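Colleague: Please take me through the strands and the aromatic rings of this protein.

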Amino acid sequence: MQPDAVLRSALEAVHHLSDPDPPWSAILSTASRLVGSDAAVLIVFEGTGVVDVQQSGADAAAVRDYAEHFHTEDVMTQPNVAKPEGSWLDTQALLPKPLRERNAYYVDFMCKHRMRQLYSFIIENGPDRRTSFGFQRASAWDGLSSFLASDRIRAYSQAVQLAAERRRAQAASWLAATDSAFDALGEASCLVHGTGHVVHASPAAKAIFDTRGSVVVQGARLSHPNAGERERLLAAVLRAAEAGQVERLAFRDSRCGGPLHVELTCANPALRFGREPMVFIRLRRAAAGPLASPDLLSQVLDITLAEARVLHALATGVSLNDFALRRGVSIHTVRKQVAMMMVKMDCTRQVDLVRAALRVGP
């Protein structure tokens, strides 16, 4: 195949990165031919773990070895060599020859699987998520750096970045519309990986997590203060991710006195980059009983009507930031109103304010 035809084939495949379920075999095989590698992989990290690997021409044992053991030793993923999206990394440059034979990653992983050179293109490099194309060769290529700086590879790299940006923009648009729709219903939503790692949370979901009434986020993962409930929650996440079945749970919510209803289902494929298992979650609070109106709260609790409106919003799961935006007032004003209510009602926490509001009744 002529050089221009190889590039054209790779660019045509990359165009499909924005498909709901991209054709990874075609994307990776054409990329491998373009950059002169023996095999190509897509690797997706969430936190410190590998959550997805798609491959073309790679040895299954090597892929498994990397995902289970050696990804933490990878010289191209170490913090001291972190590079921005759109960058290329090469083990030949990162491991000069005098150091190579003494490096555990090179000796115990690369040599074991008959690799003499690995190089990668960074597609995404955020604080909790990293995505890249990885390439491997059984023989070292000393001129690789110059080749990767060529116009042909630069054109390909830019096409990958643009396609990845389109995919992320589509996912962000879908999530924004969904957040708005569920907020209008008085519900919250979030997107998590099959391990429970939170990828996205609507403002209403963040408010639920922040109150620590039941379901919370710890270390960027869904959790629960009670070990048994935490195990039940994460098991449901895993079932929804792997089996694609809808899971429905309810947790006692100490903040509002009623249960927190949680529904989990396999997420839209367009919301992931590779084929990592993603779960979409709906959250809905059910109060123990009808909530008093702001007018009644103001009369019974001896607070101003403006303060009562803030308290009513808190008791229905609305965050202070959202309330301020909806009412067109400063968040500093709202926080001052909360502080005044704590003094008037002899409360030390927002949850105590909410409990007092719920005791008033309709």
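**Strands and aromatic pairs**

Modeller: Strand S3 (residues 88–90) pairs with S4 in the antiparallel sense over three bridges. Strands (E, at least two residues) are DSSP runs numbered from the N terminus, as are helices (H or I, at least four), and two strands pair if DSSP finds at least two bridges between them. This is a predicted model, in which local features need pLDDT of at least 70 and side-chain atom pairs count only at pLDDT 80 or more, while totals for chains, interfaces and linings use all residues. Residues are numbered from 1 along each chain as its sequence is written, and side-chain values use heavy atoms, with hydrogens and water left out.

Colleague: Which residue in S4 is the bridge partner of aspartate 90?

Modeller: S3 and S4 are joined by three bridges. In S4, the partner of aspartate 90 is tyrosine 119.

Colleague: How many bridges join S4 to strand S5?

Modeller: S4 and S5 form a hairpin with three residues between them. In S5 (residues 129–137), threonine 131 is the bridge partner of glutamate 124. The two strands run antiparallel, and the number of bridges joining them is eight.

Colleague: How many aromatic pairs are there?

Modeller: Rings of Phe, Tyr and Trp (its six-membered ring) pair if their centres lie within 6.5 Å; planes under 30 degrees apart count as stacked, over 60 as edge-to-face and the rest as tilted. By this rule, the count is eleven.

Colleague: Why is the pair of tryptophan 24 and phenylalanine 273 classed as it is?

Modeller: Their ring centres are 5.8 Å apart. Their planes stand at 40 degrees, so the pair is tilted.
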